[in-house]
Amino acid sequence: MSSLIQMIGVKKVYQLGETEVHALRGVDLELKKGKFACILGPSGSGKSTLMHIIGCLDVPSSGTYYLEDKSVGEMNDDELADIRKDLVGFVFQDFYLLPDVPAWYNVSLPMIYNRVSPKERKKRAIELLGRVGLGDRIYHYSNQLSGGERQRIAIARALANKPEILLADEPTGNLDSKRGEEIMEIFQQLHEEGKTVIVVSHEHYVAEYGEIRIHIEDGLIGCEG
Ligand SMILES: Nc1ncnc2c1ncn2[C@@H]1O[C@H](COP(=O)(O)OP(=O)(O)O)[C@@H](O)[C@H]1O
Ligand SMILES: [Mg+2]
């Protein structure tokens, strides 16, 4: 089977005034569909940059990135937007939920872009909240919920458009280790259900969950396991 994700010599250079910041310095990465990968590295090593490129929120400065055998560098804006809408779901450290709407509404938002009917949006949002163990928090506002619960809402939202790939950038960064482990267990469960899951983190306990561990340091990666 060919790879879902294949990167060859991917570099990312940010221009900051006169200075060039080499965030990725030639990343080779291959990941098959259905895998659960944890990418670990210290702050500033290039984790978020790599995630943004994987999820087509940003493009490499050079190198090649194939997603489902298609070269991302040759895609137009519409194709990139479709990938962000349909193929990937994002989870971030800061949750990024609307504070004063019910949990189900936050989960339902991405479905608007896929023209799902309002009734179906709510039904599916409620199902997804059940899947992340929040069946009894459907009408809570996010500012009435704990950090771990907010992150579970964010995971449910990331699943709204049935993405093939779930990308999580420091998803446990704002949580204590017990809540963090609960979040990692949800990713584990989603992986067992067939999703491709990629988590980046600087926290070592996160690595215990991935099938594949990838270390990133100074914009370069090395694999183990
Ligand atoms: N938009 C940007 N402009 C300039 N430099 C950036 C930008 N984003 C990230 N960087 C730099 O690129 C490097 C990698 O950053 P990042 O990918 O955010 O690392 P991590 O997520 O591992 O902390 C860091 O040195 C950071 O300062
Ligand atoms: Mg980061």
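**A sheet, a ligand shell and a buried isoleucine**

Let's start with the open sheet: four strands in the order β2-β1-β4-β5, paired in the antiparallel sense. Its edge strands, each pairing on one side only, are β2 (19–31) and β5 (70–71). Strands here are DSSP runs of E with at least two residues, helices are runs of H or I with at least four, and both are numbered from the N terminus; two strands pair if DSSP finds at least two bridges between them. This is a predicted model, where local features need pLDDT of at least 70 and side-chain atom pairs count only at pLDDT 80 or more, while totals for chains, interfaces and linings use all residues. Residues are numbered from 1 along each chain as its sequence is written, with chains lettered from A and ligands numbered from 1 in the order in which they are written.

Leu67 has Lys70 of β5 as its bridge partner.

Now for ligand 1. Residues around ligand 1 (C-beta atom, placed from the backbone, within 6 Å) include Tyr14, Val21, Gly46 and Lys47. β1 (5–16), β2 and α1 (47–54) each give two or more residues to this shell, and α1 gives the most, with three.

Helix α1 also holds Ile54. Ile54 is buried because 23 other C-beta atoms lie within 10 Å, and the cut-off for buried is 20 or more, with C-beta atoms placed from the backbone. Beyond neighbours within four places in sequence, Ile54 is in contact with Ile5, Leu167 and Ile198, contact being C-beta atoms, placed from the backbone, within 7 Å.

Notes
Buried ≥ 20, exposed ≤ 12 C-beta atoms within 10 Å, placed from the backbone. Contact = placed C-beta atoms within 7 Å.
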